[in-house]
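Here is a quick tour for anyone meeting this structure for the first time. Have a look at the sequence and the model, then read on.

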Amino acid sequence: MPNFCAAPNCTRKSTQSDLAFFRFPRDPARCQKWVENCRRADLEDKTPDQLNKHYRLCAKHFETSMICRTSPYRTVLRDNAIPTIFDLTSHLNNPHSRHRKRIKELSEDEIRTLKQKKIDETKVTWNLS
């Protein structure tokens, strides 16, 4: 099964090239830094073990000084390696991303109205049963 890069706007996968992929570190502080640099909010609630098991970053997100080629067959990261190279603007040039639905921010009154509507619907449901 191929590894997919977890970085935003990165479409690299391990079957496409000989590019190295690295697991998220199990060390909580370092793992947190990887997640922060990725800017993937959906990864923030995952444990370092979950991230290590299921998510990878490709070598393109690391400075070359952070990568060690121990042999022609093995590429490893330095112990303190942190990913710092991310393309966080390519979605601006993507014509498909411009058509995504935007989430409207609600005012206090709109939130209160929606909550009251939900309460009223719940009361109706309870009265029918």
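This is a predicted model: local features need pLDDT of at least 70, side-chain atom pairs count only at pLDDT 80 or more; totals for chains, interfaces and linings use all residues.

## Salt bridges

A salt bridge here is a side-chain nitrogen of Lys or Arg within 4 Å of a carboxyl oxygen of Asp or Glu. By that rule, the structure holds four of them.

One of them joins the side chains of Asp-49 and Arg-26, at 3.1 Å from N to O. Asp-49 sits in helix α2 and Arg-26 in the loop between β1 (21-23) and α1 (28-38), so this pair ties together parts that are 23 residues apart in sequence. Helices (H or I, at least four residues) and strands (E, at least two) are DSSP runs, numbered from the N terminus. How open are the two partners? Buried means under 20% relative accessible area, exposed over 50%, and partly exposed in between (1.4 Å probe, protein chains only). Asp-49 is partly exposed at 47%, while Arg-26 counts as exposed at 53%.

Another salt bridge links Asp-42 with Arg-40, at 2.7 Å from N to O; Asp-42 is partly exposed, with 41% relative accessibility. Then there is Asp-109 with Arg-112, whose closest N and O atoms are 2.8 Å apart. These two are three residues apart in helix α4 (residues 108-128), separated by about one helical turn.

## Aromatic rings

Rings of Phe, Tyr and Trp (its six-membered ring) pair if their centres lie within 6.5 Å; planes under 30 degrees apart count as stacked, over 60 as edge-to-face and the rest as tilted. The whole structure has three such pairs.

Take Phe-22 and Phe-62: they are edge-to-face, 5.5 Å centre to centre with 80° between the planes. Phe-22 belongs to strand β1 and Phe-62 to the loop between β2 (56-58) and β3 (67-71), so the pair ties together parts that are 40 residues apart in sequence. Phe-22 is buried at 6% relative accessibility, and Phe-62 is buried too, at 3%. Along with Phe-24 and Trp-34, Phe-22 and Phe-62 form one aromatic cluster.

Residues are numbered from 1 along each chain as its sequence is written, and side-chain values use heavy atoms, leaving out hydrogens and water.

The predictor's confidence in each residue, from 0 to 100, is called pLDDT. The protein averages 83, and 81% of the residues score at least 70. Helix α2 (residues 48-54) has the highest confidence, at a mean of 96, and helix α3 (residues 90-93) the lowest, at 55.
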